[in-house]
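Let's take a walk through this one together.

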Amino acid sequence: MRQELGDSMEQTVFVDVVLPVPIPQLFTYRVPRELSEYVQVGSRVVVEFGKSRVLTAIIAVVHHNPPPKYQAKYILELLDQIPVVTPSQLWLFSWVAEYYMCHIGEVMNIALPAGLKISSQSKIQYNPDFNNPELLSSEENTFLEFLLTQDSLTYDEVGRYLEKKDVNKVIKDLVAKHAIIVFEELKYKYKPKILKKIRLKRVYEGSEEVLQLIDSLEKSTKQQELILEYLSHIPIQDLPEKNKAGVEKTKLREAGVSDSSLKTLKDKGILEEIEVVISRFEESAGNPNKVIELSDAQREASNSIMEKFQEKQVVLFHGITGSGKTEIYIDLIQQVLASGSQVLFLLPEIALTTQIVTRLKRVFGSSMAVYHSKFSDNERVEVWRGVLDGTYQFVVGVRSSIFLPFDNLGLIIVDEEHESSYKQFDPAPRYHARDVAIMLAIKQHAKVLLGSATPSIESFFQAKANKYGLVSLNVRFGNAQLPEIRLIDVKKDRKEKTLVKDFSQLLLNEISSNLQNKEQTIIFQNRRGYAPYLNCQECNWIGQCDQCAVTLTYHMQSQQLICHYCGHRESTRKTCPDCGSTNVKSVGVGTEKIEDDLHEIFPEAVISRMDLDTTRAKNALQNIIGDFESGEVDILVGTQMISKGLDFDRVSLVGIYNADKMIHFPDFRAAERAFQLITQVSGRAGRREIPGKVLIQTGSPQNRILQFVINNDYVGFYESELIEREGYSYPPFTRIIEITVKDVDQTLAHQAANKLAEALSIRLGRERVKGPEKALVERIRNKFLFEVWLKLEKDKMNIQATKEYLKKEIVNLVTDKKFKSVQVIVNVDAV
DNA sequence: AGCACGCCGACT
DNA sequence: GTCGGCGTGCTC
């Protein structure tokens, strides 16, 4: 190393880069001499990958070792003088790739906002040196004449002009005849936001110069007015240094300045126009040092958390609904920020758009960044860069904000840590943001605070095992009391025929008295749409998706049948497509129907609905919440969306329409999810002075989960659930790897899954391999799904070795010609 | 994952 | 005879 240093200047520099493709390894490129001093780990480069792809890559290693077996290509461009990805991030990317069994490129793809990636598009252009027109067919000739009138064309545009799908052949022929040139146009996606400003040229910056200028313009009133208007914004006589910043062009326009007089003064060399890059985020004043008033109980919890952090990396904060966790978070965030470290506050997607962000903004102002999926790419790039350059020391964001370029984290808060939306589902990496947060914190010597009123069984288990610190807060904030929770036996009511549209008398009476008292009601039903399916009473037809093994949900508002798995929709008029009968009944109940029924029962009430369908538009969610907060709405009907972090003052009644689906779901986590969901929904009631009531309609009032819910007994629930989990070797005693085998051919998928399960159980033992079984929805988008589950004891199994083994067996499976079409998807720590 | 190359059926 | 179908194998 020491000896080589001398000639390293002469040696060719190579870089190993991460590419956004699902291929396991890094790729080595050669660095042109003129860039060799500037390449750094974490900088982006543009490279050619394959014959016709140009991609953005990240430098992971800089070295001098020419690859022995192939000729490295040159990098085409270096995009960053200063790296945009930190070494800590590169480490995290590869940790995530390894742990969740995917490729580092896939992690990079999710982590980097699209605005930091460059895409290329192949375009064609007329070759100016072309001189053999006799080689061309007449069609080619007409096409070339068209091309000459254009600057360049994309492949798509060529296709549209020729009315052809596949234009490769045409283009290839023309290239062979040297009539056209193909080139790659790089698209830089990020565009800074630019503000146009006007200012006086430097020579006029003095008081005398300005007065002279005004005199000299005596003949043209408009121009003189313009200068005077300008001076009203920038008093040059008193503060000449203000001229440098200038005045926004739009402000002058608003004051009645015309474009033409502006142009004249610009042409005369008196004014000049400048462009300033500005942030997309509004400046908002905060008061980061604002002292947060904590109750005694809150203060004690906050101190206790800080104390536990002395010895524990992770602290689980179990604070019941309405206990005022946010104030404690703010208190802790202030302490960490004051010490100069960064803070990341993770929230589930839904909770993020709402009240809590407003409250945090009030304290932290624009020193806090928000990172959210409804943000545009440009906005995301600005948050990224702001974290990098220190503008933002504090970020509030959804799960993907775990990948922002932090280098000095002091604290990560994971609020609602039990939320399953922290686990990414569909494209790889299938990571759990809470668990990644803990890894990242270990790497950066930061602390992690997991907060929840209903902690996940896993986290509480770690706390009980003394791996995490545990702090509990069991009183509500202020004078608020926990709501009284009652179960309503709808089976009994049904027998006695007292139900009205499946609402019990008790629930209806409570709603009615709430309406009279001008108090608000929330009705929860975890099913969107009008009804889960339609059923023809004449021929027994049931609306089903032809791509998936599920019934189509009836949405009355849009008059459509929608598949909630593949998104397929068809319009319906509630007539049977088979026999044409109009005697078609909807079966089951979704939020739409509840809204409808309540309208009928309480025509005077203002009812609003909050589910995926009513909140799709950009500000819809905000509007629904706003209307409910302001008291304009009496009853809010919603899916689980209403359970997440919402805080309403005047809700005194929560009705759970039907708890049975939740508690009887066939999944080992169903009990946990049901307990969490019902407790969280119940927690929306009685958060201030008005005491709350919760009514739960169920057919099994004796159910274990419901009994724990009505007694507000989280710990009791935890202990009973733990016994169940241990009996069946489920988490937290084991780690679960879910393997999904997919194919259009059901038999083939089944055979492949069988073969894989067999192979795996040879080394792991039959008891650790469950399945294959048909997936809960056995066909999605015309592919049949089979699942194999590995249950690996945390104390006995070497997880790393098992993953290697699993990888090998999957490769083994898909290299079998017979199974080449099957897809295998691995989900580590499936939830 | 893309994307090119390559080898077989239905058409100007 | 060509066009264009998609199987398979590689990407520094």
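In which loop does R781 lie? Look between β32 (769-780) and β33 (783-793), and you'll find R781 there. Keep in mind that this is a predicted model, so what follows describes computed geometry.

Why stop at R781? Its phi is positive, about 45 degrees, although R781 is not a glycine. As background, most residues other than glycine have a negative phi. R781 is also exposed, with a relative accessible area of 51%; the cut-off for that label is over 50%.

N466 belongs to the loop between α16 (457-464) and β19 (469-473). Its relative accessibility is 53%, so N466 counts as exposed.

Most peptide bonds are trans. The bond from A428 to P429, however, is cis, with omega near 0 degrees. You can find P429 in the loop that links β17 (409-415) and α15 (433-444). Another cis peptide bond joins P731 and P732, this time with omega at about 10 degrees. P732 sits in the loop between α24 (714-727) and β31 (734-743).

Three strands make up an open, antiparallel sheet, ordered β23-β24-β25. β23 (553-555) and β25 (569-571) are the edge strands, each with a single partner, so one side of each has no neighbour in the sheet. On average, neighbouring strands here are turned by 25 degrees against each other, ignoring direction. Zoom in on β24 (residues 560-562) and you'll see that three bridges join it to β25, the two running antiparallel. In that pairing, L561 stands opposite E570 of β25. Strands of a sheet pair through backbone hydrogen bonds.

Now zoom out to the whole chain. Chain A comes to 26 helices and 34 strands, and its C-alpha trace spans about 90 × 75 × 70 Å along the principal axes. Of its 831 residues, 52% count as buried. If you take contacts between residues at least 6 apart in sequence, 74% of them join residues at least 24 apart.

Finally, the surface and the charges. Chain A exposes about 39,900 Å², with carbon and sulfur atoms supplying 49% of that area. There are 105 positive and 110 negative side chains in chain A, and the centres of the two sets lie 4 Å apart.

Conventions
Residues are numbered from 1 along each chain as its sequence is written. Chains are lettered from A and ligands numbered from 1 in the order in which they are written. This is a predicted model: local features need pLDDT of at least 70, side-chain atom pairs count only at pLDDT 80 or more; totals for chains, interfaces and linings use all residues. Side-chain values use heavy atoms; hydrogens and water are left out. Two strands pair if DSSP finds at least two bridges between them. Helices (H or I, at least four residues) and strands (E, at least two) are DSSP runs, numbered from the N terminus. Axes are lines fitted to C-alpha atoms, for helices over the stretch in contact, and angles run from 0 to 180 degrees between N-to-C directions. Buried means under 20% relative accessible area, exposed over 50%, partly exposed in between (1.4 Å probe, protein chains only). Contact means heavy atoms within 4.5 Å. Accessible areas come from the Shrake-Rupley method with a 1.4 Å probe; for residues, only the protein chains shown count as cover. Lys and Arg count as positive and Asp and Glu as negative; His and the chain ends are not counted. The place of a charge is taken as NZ of Lys, CZ of Arg, CG of Asp or CD of Glu.
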